[in-house]
Amino acid sequence: MTTTYRYFSKSVWLAMGLLAIGLLVVLPILHLGVDKHSSLYVSSYAITLIGKIMCYAILALAMDLVWGYAGILSLGHGVFFALGGYAFGMYLMRGIGADGVYHANVPDFMVFLDWKTLPWFWHGTEHFAYSLLLVVLVPGLLALMFGFFAFRSRIKGVYLSIITQALTFAAMLLFFRNETGFGGNNGFTDFKRVLGYSITAPETRVAIYMLTGLVLLGALLLGRYIVTSKYGRVLAAIRDAESRVMFCGYNPVSYKLFIWTLSAVLSGIAGALYVPQVGIINPSEMSPANSIEIAIWTAVGGRATLIGPILGAVLVNAAKSYLTVSFPDYWLFFLGALFIVVTLYLPHGLMGLLSALRRKITGGWK
Amino acid sequence: MTRSAIYLCCIVLALLSLPARAALDAGQLSKLAADDNDAKVAVVKYLASHPSPEAEAVLTAMDNDALYQNQGRLLIVRGDQAIDAATLQALGPVPDSAESIIVNNRLRGAVQGALSAFKLFSSDLATRLKAARDVKQDPRPEQLPLIQQALAKETNAEIHQDLLLAQASIQISSSNEAERLAAVKILGATNNPEVRTKLADMLIQNNGQYNEASPVVRAAAQQALKSIDLRISLARAAASLFSGLSLGSVLLLAALGLAITYGVMGVINMAHGELLMVGAYATYFVQGWFKTHLPQHFDWYVLAALPIAFLAAAGVGMVMERLVIRRLYGRPLETLLATWGISLILIQLARVSFGAQNVDVANPSWLSGGIEIIQDVVLPWNRIIILGFSMAVLVFMSFLLSRTRLGLFMRAVTQNRAMAGALGVPTGTVDTLAFGLGAGIAGLGGVALSQISNVGPDMGQGYIVDSFMVVVLGGVGQIAGTVYAALGLGIVNKLLESWSGAVIAKIVVLVFIILFIQKRPQGLFALKGRSVD
């Protein structure tokens, strides 16, 4: 097959490099080094917004790996994202120390519950490294367990989608309870410091922002490495004709399980980067509606293109930030129409549209 | 004939049962004229324990603020005439110097409690029954003489039983061992939680001493407790079984439409919950129309709403099918996303046109209230009727599927589209109609939901996960499976709920379904043989 998608053409590499420099070098300088009243100054609102959208882009990339390359449409990636966020949020909550409203040794919401000591699963969360381990392990293990049972019994397609939706729904209900020990409705918020640095200081924010950008870049390169490898080829074959791959002597379970778990871990990392920038994590991140939105970012950009989902996440979330402020009544109409239009008219997303346009212009496949 | 004779007897007996005429102690009464509220309450207790027409007259007057005092003498004022409170003799016009006796809330409560016991002598059977219920519910020691008098005269078995329980509830604290024993033996039949506490108290040891000294009474108390607890737990179990069935019927209504669109047609419709919402808003609309145009027939608006909700939801469904779903047949994941988009649009439409708040849909009178099986355990009418309604919808649907031409075509198209088309079945139209049918049934579910839960733009979202679980558990393409799955899930959910709380119950059920699908990906009732693929 000569028509495989190329990762990536020279112009795409160039654009990505320029974008990376712009986002990771120029913007931070314009935020930190430029006077606040200068017209070149980049506000902290912009930094936070872009940082947040980059977290979403990581999430969309994770979704692309499972949906685009393995054909597993997950409607429950929000749970992995939120679990990563909660894992790192625990560290941030411990970082508040006795500076909370009640000056207690436990987080404020535990004071409400009249808990005097931390529950067992909070032990060790004051260590940064341990919380990073949790960020990876908790979503990873959940995905591994869930995926093992689901793929082993060959659940796929819509069934799997519905069950992942039930998974995130159940997790949301669980985290809404105060007794679960994660702050109930309100979740975690009011963070003070990370690694001893104030979390509201511009330098800290920029550091987390740049870290997010680097993770996104790394995830993109990792994704490229995976999908162009032999493993990636088998995965795509499983997506297109699972039975045939099985007849050829492959066992699809481990292939699917690996990409599924990796995707969950990526989502968890995205969540962990998201929480310190946004300053809050609560169970609504696990709502089924949030998870299904991730799918539309991926679909808008174009599945199985790696770069498309990032584009989709950026465009949809930029539109969301704009519309929810300027035309709050129309945002859901827009989002709903996006779901319909993209599935009906843009099955390959924007990337598909772009390559179709280019084919028209150059008159051939490039 | 005999019945009226019995009534007559009752009335005569009731009249006879009025306590003997005895003037009240004027010394006691005069305390009512004082300002001391404790003393006043004591007088009310005295009146309650000395039943007589005078006592009743005084209490009634106090309740109506018609009791006055003139120089230490108590008067009951009727119109402009005064009556002596102690003897009920007419005294002529009300003197100008008469002052009203102030009845504060605490005193009024005592007065009304005392008066309720006097109703035990009413000639009206219903009034007596209600009075007996009241004293059974809230027995007061000062009412004991009244209750005993009434007990001696009462002929109605039900009232008699209630009075016996009330008497026993008071006598359980008696100092006489024989009375206590008799009371405890009767109290096995009570449902009053306070009395149960008293019985349990008897068996508690304090410094090596039982609160109840007599071992005979203790044994009887143990026996009584056992029978009370057994009865209460039976009633509770029946109630939670019912609420499970009720939840199951709601799930069934939500899932039946899905059983057609997803189960039979294989279209995954994430906007199904919003079709429920369309039905509920149609009910709201019809209710508003009845309020302005046919207020005298308001009770029947729910029936009128049924066809309208069906047509509204079916219309929305058919438009959806024609414009969107039709283009996505065979691409289930895309259908899922597109219908999710439709659901967002429908939610926002409802929000823009009816407001983001829940709207008010009232129960008609025949759907309010309920049947009380024991005290505090009520089976509400709206839930009972919805249980029946869901069965009716089920019958309607299976009739359509198995006995009509449309049902035949639907089954033909789903089994072999090409062959059905070749034989002249208009497959495209059948698809649209079938989807409309599934949507319309969701609309009917919406009418039912509007009677038991909130009607708002987001109401459909809560049902989508549940109803897919029902269809998945029941097995695709299986209407019978859907029924068993819905009722089973409802009952399991409610039973777990009473044991572990609502949220945990829901999570346990979801986890169970996830595990269940591992074992049986085809659902509870899998298709076998050639129809599998």
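## The interface between chains A and B

In this predicted model, 35 residues of chain A make contact with 32 residues of chain B. Helix 6 of chain A gives the largest share, with 13 residues.

By class, the residues of chain A that touch chain B comprise 26 nonpolar, six polar and three charged.

## The nonpolar cores

The largest nonpolar core holds 194 residues, and within this core Ile58(A) and Leu61(A) touch the most other members. Helix 2 of chain A (residues 44-70) provides the largest share of the core, namely 18 residues.

Setting aside residues up to four places away in sequence, Leu61(A) touches Ala219(A), Leu220(A), Gly223(A), Leu266(A), Leu306(A), Pro309(A) and Ile310(A). Another core, of 56 residues, lies apart from the largest one; Val44(B), Ala61(B), Val135(B) and Val217(B) are among its members.

## The domains of chain B

Chain B is divided into domain 1 (17-120), domain 2 (135-233) and domain 3 (246-464). Between domain 1 and domain 2 of chain B, the C-alpha centres are 32 Å apart. Ten residues from domain 1 of chain B and ten residues from domain 2 of chain B take part in the contact between them.

On the domain 1 side of this contact, helix 3 (37-49) and helix 5 (105-118) of chain B each supply at least two residues. The residues on that side of domain 1 of chain B are divided by class into five nonpolar, four polar and one charged.

Thr482(B) is located in helix 20 of chain B, which spans residues 479-500. Is Thr482(B) buried or exposed? Thr482(B) counts as buried because 31 other C-beta atoms lie within 10 Å, where the cut-off for a buried residue is 20 or more.

Which residues does Thr482(B) contact, leaving aside its neighbours within four places in sequence? These partners are Ala255(B), Leu256(B), Ala259(B), Gly263(B), Val470(B), Val471(B) and Gly474(B). One of them, Ala259(B), is 223 residues from Thr482(B) along the chain, while the C-alpha atoms of the two residues are separated by 6.9 Å.

Technical notes. Residues are numbered from 1 along each chain as its sequence is written. Chains are lettered from A and ligands numbered from 1 in the order in which they are written. This is a predicted model: local features need pLDDT of at least 70, side-chain atom pairs count only at pLDDT 80 or more; totals for chains, interfaces and linings use all residues. Helices (H or I, at least four residues) and strands (E, at least two) are DSSP runs, numbered from the N terminus. A residue is buried if 20 or more other C-beta atoms lie within 10 Å of its own, exposed if 12 or fewer, and partly exposed in between; C-beta atoms are placed from the backbone. Two residues are in contact if their C-beta atoms, placed from the backbone, lie within 7 Å. Ala, Val, Leu, Ile, Met, Phe, Trp, Tyr, Cys and Pro count as nonpolar, Asp, Glu, Lys and Arg as charged, and the others, Gly among them, as polar. A nonpolar core is a set of buried Ala, Val, Leu, Ile, Met, Phe, Trp, Tyr and Cys residues joined through C-beta atoms within 7 Å. Domain bounds come from an automatic or database domain assignment.
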